[in-house]
Amino acid sequence: MAPSKTLLPQGHVAFVGAGPGDPELLTIRALRLIEAAEVILHDQLVPAEILALAAPEAKLVSVGKKGFGPSVRQDEINTRLIEFAQAGARVVRLKAGDPGVFGRLDEETEALEAAGVPHFVTPGLTAATAAAAGMGVSMTRRGRNSDLRLLTGHDVRGFAEQDWRSLARPGAVAAIYMGKRASRFLQGRLMMHGADPATPVTVVENVSRADERRLPATLATLAADLDAAELDGPAVLLLGLAPRDAAAVASAKLTRQEVS
């Protein structure tokens, strides 16, 4: 295995996926890059336990973005990446989850390319797959869903429109990022296009962390359940999936009804 410093040359930027939060879910390559970095520009959602893996002399720079809250402007992030790299530093741009999943990766790589700064990407585990794994369920299942969608609840124009008709089909599974504030919009659009109100939706907050919370709901109760739960942390909404224990209870109830 090559030394970490060789893995990240001076003047290069490594985009690194920090995963959903649990340091144990980092890839080996991600860990080595974090250890090698002289400068780390990190998202707000990267936990202290992962930042603590950096070298003691590394410079940690928070460039966090928060939905509907204070954020560092994208052009400022691009500028700082370029300046640190052109000064000869080994730079890691540490992004929560996977850099390529709703992480504005292209905006930053395009800025580096325009400035002639070499860079590469190391993927990370995204919140949706970690959430499903923690629930003990599969995101795809033979005979249930032949596709899987990763969606955003809102974009730069507001709540994001989707292919609601296909999402409303029985058996459809989707992971919806940044969807807490869009829950009533999602609920209304899906039910308007024929989705079963009893469709399971599981909201997972702080995926993989010690304070992870799971909120089992249905499409009909989603918005009210979220309001009552008052979740503060980042969450992913898993449309069409219920925790294994909830699914088992529902199956048992159905079996009893059939027998009676």
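Modeller: The residues of the lining of the largest cavity divide into 8 nonpolar, no polar and no charged (Ala, Val, Leu, Ile, Met, Phe, Trp, Tyr, Cys and Pro count as nonpolar, Asp, Glu, Lys and Arg as charged, and the others, Gly among them, as polar). This is a predicted model, in which local features need pLDDT of at least 70 and side-chain atom pairs pLDDT 80 or more, while totals for chains, interfaces and linings use all residues. Residues are numbered from 1 along each chain as its sequence is written, and side-chain values use heavy atoms, without hydrogens and water.

The lining consists of Ile176, Leu186, Leu190, Val201, Leu219, Leu222, Leu237 and Leu239. At least two of the lining residues come from each of α8 (183–192) and β12 (235–239); helices (H or I, at least four residues) and strands (E, at least two) are DSSP runs, numbered from the N terminus. The volume is about 40 Å³, and a search of the whole structure finds 1 cavity of 30 Å³ or more. Here a cavity is a set of points, on a 1 Å grid over the protein atoms alone, where a 1.4 Å probe fits but cannot get out, and lining residues have an atom within 4 Å of a point. Grid points are joined across faces, edges and corners, and the volume is the space filled by probe spheres set on the points. Rolling a probe the size of a water molecule over the atoms shows where empty space is left.

Conventions: On a 1 Å grid over the protein atoms alone, a cavity is a set of points where a 1.4 Å probe fits but cannot get out, and a pocket is an open set with protein on both sides within 12 Å along at least five of seven lines; lining residues have an atom within 4 Å of a point.
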